[in-house]
Amino acid sequence: MAGASINAIKSRIKSVESTRQITKAMELVATSKLRRAKERAEGSRPYHKLLWQTAFGVMKNAAEGNPFTEERQVKKTCYIVIAGDRGLAGGYNSNIFRLTRTLWENEKHCVLPIGKKALDYYARKGEEIVSSAFSSVADITPDDCIAITSLVSDLYVKGEFDRLVLVYTSFKSMLQQQTASEQLLPFHAENNEDDASVGGFEPLTDESRETLISYLVPLYLSGVVSSAVDESLASECASRRNAMNSANKNADEIIGTLQLHYNRARQAAITQEITEIVSGAEAL
């Protein structure tokens, strides 16, 4: 029995060590990707801010009746949801889905998922999906972001829905990522945090303000989505790195505990053998 117990513990130790090798490799890969994703996310923020200021300056004095600024009775909302392509990232994907469920509770809605996990989740739930063409968040390009926002802008102008909301994960630091939502349409210029420093202006163009707005809004929205994709990618890598780091620590603790049990079982087996030898010698 003692021998069987020792062999079982050794087998368990080898199994945990094998798992630790995998999680350690995944942690290293996530750390490498995080470095690049973090640089992209931080680099996109000034561009996002500049786009916001430009859109704010043009649309602050937009004429009434503009479809992108006019308030409607919200009968249906479209959600652009950015999740990950893979799991093993802690609560990264589940936190996004939980926030989205809270936002659209008891509300008629449709969803444009970005990322394989988002597409699979909402397809499984039977939600109305606007497009399934953006199933890999890691492969999203600026042209894809323009295609996404052109699609939803056209549907919004046609009245297919009355509000557009973006749901993503904001990268704060290596240890902190926060789910966030942002209303993209209708555009609320008065909610701009920089409105004190940016005023409305007359664009230097022969085109009318309404024509300029029709061109600028999808461009601005594509910048917001692109920035959110960069933030989400960095957050996913950080979440996966933290999850794998925790898995490595847990594996080390389990191996330490199993090694202690192994030593105790081995000592007990040795003691039992010595006792049997001594007892046999005394019987002779």
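**Strand β1.** I began with β1, residues 77-82, and found it mostly covered, with six of its six residues buried. Buried means under 20% relative accessible area, exposed means over 50%, and partly exposed lies in between, with a 1.4 Å probe and protein chains only. Thr77, Tyr79 and Val81 point one way, while Cys78, Ile80 and Ile82 point the other way, and all are buried. Helices (H or I, at least four residues) and strands (E, at least two) are DSSP runs numbered from the N terminus.

**A note on the source.** This is a predicted model, where local features need pLDDT of at least 70, side-chain atom pairs count only at pLDDT 80 or more, and totals for chains, interfaces and linings use all residues. Residues are numbered from 1 along each chain as its sequence is written, and side-chain values use heavy atoms, with hydrogens and water left out.

**Neighbours of β1.** Which strands pair with β1? I found β2 (residues 109-114), parallel to β1 over six bridges, and β3 (residues 163-171), parallel to β1 over five bridges. Two strands pair if DSSP finds at least two bridges between them. On the β3 side, tyrosine 79 stands opposite valine 165. On the β2 side, threonine 77 has histidine 109 as its bridge partner. Between β1 and β2 the chain passes through helix α2 (residues 92-103), and this β-α-β crossover is right-handed. Right-handed here means that, with the strands pointing away from the viewer, the path from the first strand over the helix to the second runs clockwise.

**Threonine 77.** Threonine 77 counts as buried because its relative accessibility is 0%. What does its side chain touch? I noted a polar contact with the side chain of glutamate 107 at 3.1 Å, and another of 3.5 Å with the side chain of arginine 163. A polar contact is a pair of N or O atoms within 3.5 Å; within protein, one must be able to donate a hydrogen and the other to accept it, and residues adjacent in sequence count only if both atoms are side-chain atoms.

Most residues other than glycine have a negative phi, and most peptide bonds are trans. I then looked up the exceptions below.
- Leucine 88, in the loop between β1 and α2, has a positive phi near 55 degrees; it counts as exposed because its relative accessibility is 55%.
- Asparagine 106, in the loop between α2 and β2, has a positive phi of about 60 degrees; it is exposed, with a relative accessible area of 80%.
- The peptide bond from leucine 185 to proline 186 is cis, with omega near -5 degrees; proline 186 is in the loop between β4 (177-185) and α5.

**Whole chain.** I counted five helices and four strands, running α-β-α-β-α-α-β-β-α from the N terminus on. Of the 284 residues, 42% count as buried.
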